[in-house]
Amino acid sequence: MTAYFFRLYVTGQTERSLAAEANLRALCDSRLPGSYELDVIDTAEQPGLAEEQRILATPTVVRLAPLPQRRVIGDLSDHHRAAWALGLPGQPAPARQGDEE
Amino acid sequence: MNGSDMTGRLVTGISGFDQIALGGLPSGRTTLVTGSTGSGKTLFAVEFLARGILRAGEPGVFVTFEETPDDLRRNWASLGFPVRQWEREGKWAFVDASAGFQEAPVIGSYDFGALAARIGHAARQVSAARISVDSLDAVFTRFAGAALVRHELARIAGTLEDAGVTSVITAERAGEDGRISRYGVEEFVVDNVVVLRNVLDHERRRRTIEIVKMRGAPHRTGQWLFTIDPRDELDRMCGGGFFKDAIILLVGPSGAGKTLTSLKFLAAGLRGGERCLAFTFDENREQVRRNSAGWGIDLDSAEESGLLRIVCEYPEVASLEDHFIRIRRAIEEHQPGRLVIDTLSALERIVSPRALLDFVIALGALVRQHGITTLLTSAPAGRFTPQLTPSIAGEIASLTDVTITLRYFEQHGEIRRAIAVMQTRGSAHDPGIRQVTIDGDGMHIAGPVPGTAGIISGAAAFLTLPGTADPPASESPQPGG
């Protein structure tokens, strides 16, 4: 069983930050029950960590494992697209796979 | 860190810019610098930081969106800015926003909170006084929506101002006219806006700079030439060169260097591809040619190429009104960027001082309307009576932007020449009196003439400051000539 490791970068305890974390947890709990780890980093408190990963926008989730790394920006409000973009198993990819403009 | 003095100015150190901005950028605030491709935005952003370090030891943060820090370090080393060394010394920090962003898909809403946090972090690390952000477009082009751009720009500007720094944000402009910035909202978020232009004008490419707004602070309006020869000492004395559109009055007795200064002024314009027009009322064409050839200035080929037009006339051949009409006609035909009138004193022979003053007022209106940088010369009556300025000189001086005085003075039993910039309107300049030497290569402006008084007033005398035993000669950095 593959171990998934995500790091979620947010800025402050805003509605958007909380929404992103809730969406990501809900997604992982349904697709990767018990086999994932999630770190949440507040860039306002730890800007050095944002610098290391060259994070510009928040929320940003980085899938650190399995490799290759993947990144998604936004509060992940569309679960289907988020699962596909993060390469999560268990559900078919959305019908339209092409990325937006 | 700077205080957040709202009305204070931060001297940028960018040659010529501080004069236009009447002192510099508003301290502790953000200024948007927009321009089309090739207008010099990045250079402005880099120089803003580099001059801060070089002039004032003020550390800076450079936020780069387009080029990587590695590319930038390499490029700027060739400009003489040792960024790598400054980074080691803790004077310069990069925020690398150039990579790792374009590939990520966007799902749901987001903001640039992390960028703001990183900028604040870097600013604290080096105790930054200046920040440059170059340029926002790389991020914003991907995300249409004026509301987002406006909101995020306000956030970044807020971060910068909270950090107590003076900052420059660059942004791309689609063309030379129309909207100031791509989204049409940037300028409403930021208090201060500067536009750089790179335009073809009379078949010549010119870079200009214009301050569109500077909230709560006076500044010069109109477009200004952006490039100034940094090697010219006179430019340096004037605080970085003359403003475009400036009217400069050059006062000095014959032989003090007036004609040479005006020839140099023309030659510098011609070298930059600027069209030049010269009216000389003192000398005939052959004398002008011989003078300039003697200084290694080739006027013939400049005239042949059409860049330069020289009109030599004796004042007596026409009335002053006719002279004015001829000058106006020549300006309209030739469309010069620079104009020399040498000398007003010759015209004084044919009219009353009052009429000459009217002439200068009319000429001033004419050249300002055409945006012509104008040099007027004027001679006092006699070689060794420097106190005798022309009767109208005082009034004319008040009409001009810059007054430069050339004088003879006596020191150590020799007649020497001195130059002083008396007034440059609304800008800083070197208040010192400098020694001038003239040799086969032209005019050289040397160090200040120390320990003397009365050069400009005409009664030169040495000053010995109380408590200083040294005679002034021993500390005077006189060059050999």
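Start by selecting chain B: 46% of its 481 residues are buried, meaning that 20 or more other C-beta atoms, placed from the backbone, lie within 10 Å of a residue's own. This is a predicted model, so to speak of local features takes pLDDT of at least 70 and side-chain atom pairs count only at pLDDT 80 or more, while totals for chains, interfaces and linings use all residues. Residues are numbered from 1 along each chain as its sequence is written, and chains are lettered from A and ligands numbered from 1 in the order in which they are written.

Switch to cartoon view. Chain B shows 17 helices and 21 strands, taken as DSSP runs (H or I of at least four residues for helices, E of at least two for strands) numbered from the N terminus.

Now pick B:Val61, B:Ala114, B:Ile119 and B:Ile131. These have the most contacts inside the largest nonpolar core, which has 77 residues. A core here is a set of buried Ala, Val, Leu, Ile, Met, Phe, Trp, Tyr and Cys residues joined through C-beta atoms within 7 Å. Zoom in on B:Ile131: leaving aside residues up to four places away in sequence, the residues it touches include B:Gly60, B:Leu160 and B:Ser167 (contact means C-beta atoms, placed from the backbone, within 7 Å). A second, separate core of 40 residues includes B:Leu344 and B:Leu406.

Next, select residues 320-334 and 353-370 of chain B. These are helices H13 and H15, packed at an angle of about 10° with axes 11 Å apart; axes are lines fitted to C-alpha atoms, for helices over the stretch in contact, and angles run from 0 to 180 degrees between N-to-C directions. That makes H13(B) roughly parallel to H15(B), the word for angles under 35 degrees. Show side chains, and you'll find B:Phe324 and B:Ile331 among those on the H13(B) side, with B:Phe359 and B:Leu366 among those on H15(B).

Move over to chain A. Its open sheet of four strands runs in the order E2-E1-E3-E4, with mixed pairing; strands pair if DSSP finds at least two bridges between them. At the edges sit E2 (36-42) and E4 (70-73). Click A:Val62 and look across to E4(A): its bridge partner is A:Arg71. Helix H1 (residues 15-31) of chain A packs on the sheet, touching E1, E2 and E3.

Last stop: where the chains meet. The contact takes 22 residues from chain B and 29 from chain A. On the chain B side, helix H5 (residues 113-126) gives the largest share, seven residues.

Key:
Contact = placed C-beta atoms within 7 Å. Parallel < 35°, antiparallel > 145°, perpendicular 65-115°, else oblique. Buried ≥ 20, exposed ≤ 12 C-beta atoms within 10 Å, placed from the backbone.
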